[in-house]
Amino acid sequence: MPKLQIPQPAPPLPRSYWVIEGAFLAGAYSGSADPIAHRKRLSGLFLAGSRTFVNLMQENETNNVGKPFVRYDDDLKEIAAEANERVVFRKGPPTKFASASLFKAAS
């Protein structure tokens with residue numbers, strides 16, 4: 001008998017994927033230089049259940065045309081406040097320790 005295929009929820013953004021389905025999402029930079037697209041992308045993450053955000057980019061990192069990435073922490077705080085919720089941010093370089101502690105927290 002063939003295995004029943006259970007549909008996987010689609011990740012909220014292109015270039016993102018569920019590490020642990022419905023609990024731990026990973027992907028590329030979440031924002032956008034366009035303010036409307038920026039808000040829409042961040043709202044998508046929030047609506048997907050994301051409440052903790054880990055930024056592994058370095059402080060002066062730029063996009064592929066040399067422009068700095070648009071910050072998204074204040075926008076996500078605003079989106080959360082509108083829903084009477086909170087979001088948490090962590091920032092730091094990717095390290096073996098950070099990766100291990102993130103997986104531990106997600107399980």
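Author: Of the 107 residues of the protein chain, 23% count as buried, where buried means under 20% relative accessible area, exposed over 50% and partly exposed in between (1.4 Å probe, protein chains only). This is a predicted model, in which local features need pLDDT of at least 70, side-chain atom pairs count only at pLDDT 80 or more, and totals for chains, interfaces and linings use all residues. Residues are numbered from 1 along each chain as its sequence is written, and side-chain values use heavy atoms, with hydrogens and water left out.

Reader: Thanks! In what order do the elements of the protein chain run from the N terminus?

Author: They go β-β-α-β-α-β-α, with three helices and four strands in the chain. Helices (H or I, at least four residues) and strands (E, at least two) are DSSP runs, numbered from the N terminus.

Reader: Now histidine 38: buried or exposed?

Author: Histidine 38 counts as buried because its relative accessibility is 5%. This residue belongs to helix H1, residues 35–47.

Reader: And what is histidine 38 in contact with, leaving aside neighbours within four places in sequence?

Author: Histidine 38 touches Tyr29, Gly31, Ser32, Val70, Arg71, Tyr72 and Asp75; contact means heavy atoms within 4.5 Å.

Reader: Switching topic, where is isoleucine 20 found?

Author: Isoleucine 20 sits in strand S1, which covers residues 16–20. With a relative accessible area of 31%, isoleucine 20 is partly exposed.

Reader: Good to know. How much of the contacts in the protein chain with a separation of 6 or more comes from residues 24 or more positions apart?

Author: Those residues account for 54% of such contacts.
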